[in-house]
Structure formats: C-alpha cells, structure tokens
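User: Can you put the structure up? I'd like to go through some side-chain contacts and then some helix packing.

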Amino acid sequence: MPPAASTCSNPKPLHARLLRSGALFAARSAAAPLAAAASLASLPYALSLLRAHPSTFSYNSAIRAISRGPRPHLAISLYRSMLSHNNYNYPPLLAACARIAASSSSAAGAAVHASLFRRGLESPERFIRASLLSFYAAAGDLPAARQVFDLSPAKHRDLPLWNSLLHAYLSNGLYVQVLRLFRRMLDADEVTLLALLSACAHLGALHTGRWLHAYLARTCCIPITKYLGTALLNMYMRCGDVQSAWSVFHATRHKDVRTWTVMIAGLAVNGFSTDALTLFREMKDRGIHLDSITLTAVLSACAHAGMVDEGRRILHRMSVDHHLQPTIEHYGCAVHLLGRAGRLEEALALIRAVPLKADVALWGALLVACRCHKNVEMGQMVAMEILRLDPQHAGAWVFLSNVYAAAGKWDLVQEVRSSMKEHGIHKPPGSSVVELDGVVYEFFSGDHSHPQSDQIYAMLDEIGKTLSLKGHKPATKGVTFDIDEEDKEVCISEHSEKLAVAFGLLNTRRGDVIRIVKNLRICEDCHYVMKVISEVYDRVIVVRDRNRFHHFKNGSCSCLDYW
DNA sequence: TTAGGGTTAG
C-alpha cells in the first residue's frame, strides 16, 4: 500500500525533508511516496518531479494515488506522458481503469486489455491477471472477470487472483457465492477475510461471521489489523450483534475514520442512536479526522431516532464545523429525518432548496414519509415526480395503485397496473432468512415448501390464538400505503418473517436469540406480532429489515415503534 | 511490484 499520500495536501514539506536528508538521491524508491503526494496536490508539480527522478516505482505510485482520488482519468494521462512503459505499469493503470469503469466507461480498460493482447500477453504475467480481473469486476462484467480466472492455468491461480475473484463476486452482490468460493480455496490471508466478512455482513450470516472471527483468532499468521477490525465490527453490527461489535471496537488498536464510522452507523441502524451521537462527540473530542461518510452516518442516527433538531443543526453547520459541503446523501438523510418525523412540508421545502439536482432517492425518502403519515395529496405529487425521473420506480407505481384502490378509482388502478406491465416492473417477493447452525433457511410469503411446513403453520395457528386472546386484529383491511411490504394477495398471517419466526421457535432452545434477515421493510402487523411473541415466548428476536434492525424483547422493540 | 475495511435512500 502506498504511503498516506491521500491525506497529504501539501507535498512540499516532505519534498524539502527528502532533499535535506539527501534521501531523494540516495535511493530511487525515495521519490515514490513524494510522487504520490505531489500528484494529488498538483499534476504539473508531480510531472516535474517525476522527470527529475524517473522510475517505474515512482510513476506507479503516482498513477495509483491519482486513481484513488476524485479524478482517476488523470492517471491515464500520466501513464501516457511516460517515455517508456513496462509490465509493472499495468496493475496501477488497470486500477485507474477500474475506478473509471465504476463511474463512467470501461473503454479505457478494454483498450488496455487489447494492448496486452496485441503485445502477446493475452495470458499476461501473474501479477497482471489479478488487476485485469478486478477491472472487469469493477466494470460490472462478471463473466469477463470469471474468464480471466478460468483461463489462468491452475499453477498461476495464486492467492491474489483468488482474492480478486472473491471481491469480484462481492462487488457484484453475489454474497453466497463468495462464501462458496472460499470452500475451494486452499489458503487465506487478510484480503480473503475482508471479502468473507463483508459477505457475511451483507447476508446477516452471524454464525459464519463468528466462525471466521474464531478462525482469525486461531490463525496467528493473520493479525487483526485496523482493516480486519473494521470489517469484523461491521459484520457484527450488520448481524445485529452489537455487544460483540463493541468488544471488537475496544480491542482494535489503531482505529481510523472508517472504524469509527462503522461503529456510529452500526449503532444507529441497531437503534442506539444516543450512543452513536455520544461516540461521534468522543471522536470529535479526540480530534479524530472525520469525513463526509461519518456525517452521513451521524445524520442517519438522528433520522432513525427522530432527533430532528440535532440532525438539522448538524446538516446546517457541517460546512462551518467540518469544512464539508453537504452531498445528496446528507440531504437524503435530512429528508428522511424530517419526513419520518411528520414534517412533510419542511422536507419538501428542503428538497426544493437543495442546490444539487434532486435525485430519485430524495423524492423516494419523502414518498416513504407520505406513506407513513398517510398524506395522499403530497404522496401523489411525489410519486409523479419520481416516475418522471425514473419510470421504472416500482415503489411509486405501487403507491399510486394503492391510493387509487383506496379511493375506489378502479379504472385508474387498472391503468397503473397495465403501465407497470408495460414497463416490465415487478416487485421482488418478500423473503426472510434464518441461519441455524451455519445452515441458511429461506422463507417466502405463503411458503409451503419447507419439510417442517405443517409444524410451522401449526405454530402460526397457536401464535394466532394467543394474539386474538390479546385482542389483536390483523391489519388486513383498510387503506394500504405500503410501497415495499409484501403483496396483499398473500395473507398477512403468512408473511415470510412470521414463517421464519415460527421455524425459529420450533428449532431453537429457550434463551436462544432468533435472528431473521428480511429483504423488504417489516410491515406493521409483523412488527406487532414479533413484540407479542418476544413477550409470550420469552425470546429475543432480532429482525434485520431493508432499513434497520429491530431487537424485540419483553414485548417491545428497540426502534420504539419508530421506523 | 497483483488483490483490499465505511455511509444514505429505494
């Protein structure tokens, strides 16, 4: 990894130091960190420096530093400015191409691959393959990435190549495949573990995540660096195990901005917003540098807990207090914060006042708030606005359909439905996942495919009886403003998380926590039912839905019914 | 001198 060039805004003190000590002339490699720092500060300065101290290593450091910065295409220009090239230039060049491909076009990377091919390097040297594979992964072309791997002779499939493949699947959202690939690997290092932990975090696979943590503890050759510490605590947080996340946080020695940010974001999403803000204050008090993402996490903490004043203050003061301009992400959190707290007009005014182009996510946050607070009029306007920007937006279509259905305007409902069909829009089916002894069980709404299905439905009947004794009536009728909840055609009592919790009750012991990961937002009825089950069956139930965690215990939820 | 830990919203 190159030196901390990205944090060095002025390379001149380093330049002066190297000149004074004579190090710049003593070793060719001494110019490399300086070149990296200089290339981020001023390209002409970097060029003059590189011409005075030319070496592959220095050029590569500069190319890599630029590729990680805000203008990665300049890395290509720098590469072109070199008088001669060699094979060692390919990895940083391809890294730059990967960054460019992720945000705009994969043409540059494809041209590099073509040049490799022309030079007879279609089966390029070992250290180029991993970079090539990563480029295709960043470009979203997983088949091409896979081909780089498959065409490599087995003896050349080294650990970096395997790791690149893991990260290719990871960055394309194929988390289960990441864990499967690992079973075929003979070796693992820090980078492997980073990919595996991230996959577990996305899947909510706590059992596997814990196993990996134990594996790390057993394998003394992989020290728990700040990278692994951060990945570990992210995994625990995203699996709803806040206690373990705290232990890892305290045990991680060299925390950086990402470590703190993961902790703050994790606390927020698990319903511990006050702790998140306390940690944020501690971070500031300790003088730890924070960035735009940290503030996004802090604003999300405010949004999850309805801390309107605090959130508004942070948003308005961020340019003064932290020299950071609010981005669309920050405004998104603020709209969510205001809208969810019922301040719909204020949220709308904010969207209109945002100096950036309002995107679908901003309007989407407001749409969710309109649904929540049953503001039909504004909701309709917002849905139309969203559909103008993105005609494929399923949530907006479903919202309109529900509003028209509630008003009995069946001709309009029909119109919406045929428009949806025309645009090829379908809602994903609701599903819930439970992990039991390392095996993942997935349930869909109204699912009868599980071998224990009869017992599961019998259990649901039993739960239903308890609920009716408590006077509960399932919210199957009335106006529905859901945009993400599961189809109403499927009986509400057969929602996937209810099947999952029944399965959990049947197959775990008293005292075991039942952990469910759901792909959509939990609906109101399921939320209520979970609370009752946690009390009647004396169980802790942790549900991760699309937005956040719900820790159900003794009849109440950590979100305090605010979600 | 190949691979790499973090955020919102939907």
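Analyst: Here it is; note that this is a predicted model. To begin, Arg286 and Glu282 form a salt bridge through their side chains, at 2.9 Å from N to O.

User: Is Arg286 buried or exposed?

Analyst: Arg286 is exposed, because its relative accessibility of 53% is over 50%.

User: What about Arg312, which residue does its side chain meet?

Analyst: The side chain of Arg312 meets Glu346 in a salt bridge, with 2.3 Å from N to O. Arg312 belongs to helix H20 (residues 308-322) and Glu346 to helix H22 (residues 344-353), so this pair ties together parts 34 residues apart in sequence.

User: How accessible are Arg312 and Glu346?

Analyst: Arg312 has a relative accessible area of 23%, so it counts as partly exposed. Glu346 is partly exposed as well, with 29%.

User: Which residues are in one network with them?

Analyst: Asp309, Arg312, Arg343 and Glu346 are joined into one network by salt bridges that share partners.

User: OK, next pair. What does Asp241 form with Arg210?

Analyst: A salt bridge, in which the closest N and O atoms of Asp241 and Arg210 are 3.0 Å apart. The pair links distant parts of the chain, 31 residues apart: Arg210 is in helix H14 (residues 206-218), while Asp241 sits in the loop between helix H15 (226-238) and helix H16 (242-251).

User: Is Asp241 buried or exposed?

Analyst: Buried, because its relative accessible area is 7% and the cut-off is under 20%. Arg210 is partly exposed, at 40% relative accessibility.

User: Switching to helix packing. At what angle do H11 and H12 pack?

Analyst: Helix H11 (residues 159-171) and helix H12 (residues 175-183) pack at about 160°, and their axes are 8 Å apart. Angles over 145 degrees count as roughly antiparallel, so H11 and H12 are roughly antiparallel to each other.

User: Is the crossing left-handed or right-handed?

Analyst: The crossing of H11 and H12 is right-handed.

User: Which residues meet there?

Analyst: From H11 there are Trp162, Leu165, Leu166, Tyr169 and Leu170, and they meet Tyr175, Gln177, Val178, Leu181 and Phe182 in H12. The residues of this contact divide into 9 nonpolar, 1 polar and no charged.

How values were computed:
Residues are numbered from 1 along each chain as its sequence is written. Chains are lettered from A and ligands numbered from 1 in the order in which they are written. This is a predicted model: local features need pLDDT of at least 70, side-chain atom pairs count only at pLDDT 80 or more; totals for chains, interfaces and linings use all residues. Side-chain values use heavy atoms; hydrogens and water are left out. A salt bridge is a side-chain nitrogen of Lys or Arg within 4 Å of a carboxyl oxygen of Asp or Glu. Helices (H or I, at least four residues) and strands (E, at least two) are DSSP runs, numbered from the N terminus. Buried means under 20% relative accessible area, exposed over 50%, partly exposed in between (1.4 Å probe, protein chains only). Axes are lines fitted to C-alpha atoms, for helices over the stretch in contact, and angles run from 0 to 180 degrees between N-to-C directions. Angles under 35 degrees count as roughly parallel, over 145 as roughly antiparallel, 65 to 115 as roughly perpendicular and the rest as oblique. A crossing is left-handed if the near helix is turned anticlockwise from the far one by less than a right angle, and right-handed if clockwise. Contact means heavy atoms within 4.5 Å. Ala, Val, Leu, Ile, Met, Phe, Trp, Tyr, Cys and Pro count as nonpolar, Asp, Glu, Lys and Arg as charged, and the others, Gly among them, as polar.
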